[in-house]
Amino acid sequence: MEQHTTLGRGFCRADIPGDIGSLLLFLLRVLFLFLGALSSTGAADTEPSRQVWLNPGFLSWHFDRSKDLRGDNWGVGAEVVFTPDHTVMAGNFINSGGERSNYASYQWRPLHWRPSEIDVSAGIGLGVVDGYPYHNGGWFAVLFPLLAVEGKRIGANFTIVPTIKDKVNGAVVLQIKLRVW
């Protein structure tokens, strides 16, 4: 299996069927380059204030549509933004296999853009999650790309979970959030 870049390690053509993996990796690279080019203009406009967001879990669209996996992964979670670049999250949800999972993560979002009073930031997250059978329900580490789009009170987080054969069912994930502070 060919590795494309350090950013794409574990997110290879063989992990996602057909040309979908190549397309998603290309789009992710273009997105990071585009937001990186615009980050200097948006960063000056972003005030470093603490924020608290609540969310009702995740919605996921799995790459392997032949499996009977949940797409509505409801739960409860909280996100605290310390500065525009540094965020922590924690919560729980019903995972795609129908089991309860808990998670906690740190997000580094160094890329910023502010079109039409909407804060857009991109980066990576490092966290832990439990509740999946391939780890006997125990905790394991995760590393994921992320994109946050935030208005004054409503926002969304997007990420891509790569497929890892017999371990992780890949998906595009959406998390809607509400700012409460």
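A: The protein exposes about 10100 Å², of which carbon and sulfur atoms supply 63%; accessible areas come from the Shrake-Rupley method with a 1.4 Å probe, and for residues only the protein chains shown count as cover. This is a predicted model, in which local features need pLDDT of at least 70 and side-chain atom pairs count only at pLDDT 80 or more, while totals for chains, interfaces and linings use all residues. Residues are numbered from 1 along each chain as its sequence is written, and side-chain values use heavy atoms, with hydrogens and water left out.

Of the 181 residues, 40% count as buried, a term for under 20% relative accessible area, with exposed meaning over 50% and partly exposed lying in between (1.4 Å probe, protein chains only). The protein has one helix and eight strands, in the order α-β-β-β-β-β-β-β-β from the N terminus on. Both kinds of element are DSSP runs numbered from the N terminus: helices are H or I with at least four residues, strands E with at least two. Among contacts (heavy atoms within 4.5 Å) between residues at least 6 apart in sequence, 49% join residues at least 24 apart.

The part to examine is S96, which sits in the loop between β3 (86-94) and β4 (100-113). S96 counts as buried because its relative accessible area is 12%. Its side chain makes a polar contact of 2.8 Å with the side chain of H62. Such a contact is a pair of N or O atoms within 3.5 Å; within protein, one must be able to donate a hydrogen and the other to accept it, and residues adjacent in sequence count only if both atoms are side-chain atoms. Not counting residues up to four places away in sequence, S96 touches H62 along with S60, L69, R70 and N73.

For comparison, T159 lies in strand β7 (residues 154-161) and is buried because its relative accessibility is 16%. A polar atom of its side chain lies 2.3 Å from the backbone oxygen of P145. Beyond four places in sequence, T159 is in contact with F144, P145, L146, A171, V172 and V173.

A171 and V173 also belong to the largest nonpolar core, whose nine residues include F58, M89, F93 and Y132. β3 and β8 (171-179) each supply at least two residues of this core. A nonpolar core is a set of buried Ala, Val, Leu, Ile, Met, Phe, Trp, Tyr and Cys residues joined through side-chain atoms within 4.5 Å. Leaving aside neighbours within four places, Y132 is in contact with F93, N95, S101, G137 and F140.
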